[in-house]
Amino acid sequence: MSYRIAILPGDGVGPEVTKAAVSVLSSAARRFNLTLEFEEYEFGGAAIDQCNDPLPPETLAGCQAADAVFLGAVGGPKWDKGGPRPEAGLLGLRKELGLFANLRPVELHPALADFSPLRPERIKGVDILIVRELTGGLYFGEKKRDGDTASDLCVYSKGEVTRVARVAFNAARLRRGHVTSIDKANVLETSRLWRETVIEVHANEFSDVELRHELVDSAAMKLITSPGSYDVVLTENLFGDILSDECSVLTGSIGLLGSASLGAGANGLFEPIHGSAPDIAGQNVANPAGAIASAAMLLRYALKQDAAAKAIEQAIFASLDGGARTRDLGGELSCTDMAEQIVRQLGS
Ligand SMILES: NC(=O)c1ccc[n+]([C@@H]2O[C@H](COP(=O)([O-])OP(=O)(O)OC[C@H]3O[C@@H](n4cnc5c(N)ncnc54)[C@H](O)[C@@H]3O)[C@@H](O)[C@H]2O)c1
């Protein structure tokens with residue numbers, strides 16, 4: 001099979017971890033007999049430097065034509081001083097590709113339990129998939145400013161909740177069959193619609209999956225006190241933004257985790273959860289594991305190559321088991337060394 005992958009290296013450590021992810025994808029392609037064509041485009045700050053636009057038309061067209069999009073990271077202090085912002089490119093791309101569901105797996109590798117801020121008995125066995133609604137709610141509602149008064153409108157429609165709930169229930173079927181839907185239904189009208197809709201989708205289409213509801217404030221506590229009690233977590237845009245960052249620290253390093261943003265079409269966007277890490281950019285010390293985990297998600301969700309995705313995930317685990325450690329994990333391996341270890345484990 002032949003696939004086109006749009007590559008957006010972006011800014012800071014983005015190009016370093018992207019190179020690592022592409023080397024692992026190429027290796028997986030050899031082992032699993034896939035043809036992957038990589039087409040690189042300017043994006044974020046790098047694109048602002050070229051043409052004063054974080055999402056140039058040719059980048060958008062390349063992403064729309066691709067089977068999947070891989071992104072390193074965008075942003076940095078260079079573009080914080082006024083003018084167009086790199087992050088606007090990311091919001092624009094998500095909107096243009098209609099990416100309404102963000103998936104973030106949070107899984108602890110046993111060999112890295114000491115890097116978690118939680119006690120070993122609390123963090124043991126944690127394996128959560130956060131499904132966050134990505135294109136609705138407070139971030140996209142009408143914004144107003146009238147002197148000393150400001151407002152942001154939170155809007156959700158039943159259709160928006162239904163489509164992201166389906167993503168969560170389908171994911172649960174492939175995992176441990178449990179969804180926790182998080183809202184603030186005791187206070188917010190949008191949350192009451194959220195809860196009613198999730199209950200309806202569950203009853204009509206997914207009654208084989210277990211469903212429970214939690215309020216966001218108590219969920220924020222329980223994700224720390226008993227993270228092992230969660231399988232799939234389904235929530236709206238703002239709550240998901242906050243809770244997914246809270247969960248990302250559970251596993252020890254932000255450099256370890258990948259993500260997928262999916263829509264109705266095939267061409268999802270896959271990126272590590274970390275930012276452009278300007279403090280370590282250009283030093284070849286970034287941990288590429290999160291980018292490589294995102295590459296595995298690209299194979300699974302966009303190209304439907306689950307065996308290749310699993311092989312990459314096992315290669316990451318085997319490398320960490322074997323003691324491979326970048327600087328964020330107290331080791332001395334460079335970004336390139338870590339990628340080479342993972343490629344060796346993959347054994348193409
Ligand atoms: N999706 C994205 O591209 C994205 C996401 C978040 C932040 N950002 C942008 O990135 C820039 C920096 O943001 P920040 O500093 O808040 O977050 P960050 O994730 O870039 O960095 C936070 C800390 O984690 C470390 N870190 C991050 N990735 C790492 C890796 N792979 N290996 C080892 N250590 C790693 C950094 O060195 C830093 O100490 C900002 O401009 C922000 O807007 C972009």
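Here is a walk through this predicted model, from its sheet to its helices and then to its ligand.

Residue numbers start from 1 along each chain as its sequence is written. Because the model is predicted, local features need pLDDT of at least 70 and side-chain atom pairs count only at pLDDT 80 or more, while totals for chains, interfaces and linings use all residues.

Let's begin with the sheet. It is an open sheet of 10 strands with mixed pairing, in the order S2-S1-S3-S12-S11-S4-S5-S10-S8-S9. Strands (E, at least two residues) and helices (H or I, at least four) are DSSP runs, numbered from the N terminus, and two strands pair if DSSP finds at least two bridges between them. In general, strands of a sheet pair through backbone hydrogen bonds, either parallel or antiparallel. The edges belong to S2 (35-40) and S9 (210-215); each has a single partner strand, so one side of each is left without a neighbour in the sheet. On average, neighbouring strands of this sheet are turned by 25° against each other, direction ignored.

H9 (residues 237-248) lies across S4 (99-107), S5, S8 (178-183) and S10, and runs at about 155° to S5. H10 (residues 289-302) lies across S3 (68-73), S11 (258-263) and S12 (269-272), at about 30° to S11. Such angles run from 0 to 180 degrees between N-to-C directions, and axes are lines fitted to C-alpha atoms, for helices over the stretch in contact.

H10 also leads us to H11. These two helices pack at an angle of about 165°, with their axes 7 Å apart, and are therefore roughly antiparallel to each other. The cut-offs are under 35 degrees for roughly parallel, over 145 for roughly antiparallel, 65 to 115 for roughly perpendicular, and oblique for the rest. The crossing of H10 and H11 is left-handed, meaning that the near helix is turned anticlockwise from the far one by less than a right angle; clockwise would be right-handed. Among the residues that meet here are Ile-292 and Met-297 in H10 and Ile-312 and Ile-316 in H11. Residues are in contact if their C-beta atoms, placed from the backbone, lie within 7 Å. By class, this contact has 11 nonpolar, no polar and 3 charged residues. Ala, Val, Leu, Ile, Met, Phe, Trp, Tyr, Cys and Pro count as nonpolar, Asp, Glu, Lys and Arg as charged, and the others, Gly among them, as polar.

H11 (residues 306-321) packs with H1 (residues 14-31) too, at an angle of about 130° and with axes 10 Å apart. That makes H1 oblique to H11, and the crossing is right-handed. Val-24, Ala-28 and Arg-31 of H1 make the contact with Ala-308, Ala-311 and Ile-312 of H11.

Finally, turn to the ligand. The shell around the ligand has 22 residues, of which Gly-75, Gly-255, His-274, Gly-275 and Asn-287 come nearest. A residue is near a molecule if its C-beta atom, placed from the backbone, lies within 6 Å of it. By class, the shell divides into 10 nonpolar, 8 polar and 4 charged residues.

Key:
Two residues are in contact if their C-beta atoms, placed from the backbone, lie within 7 Å.
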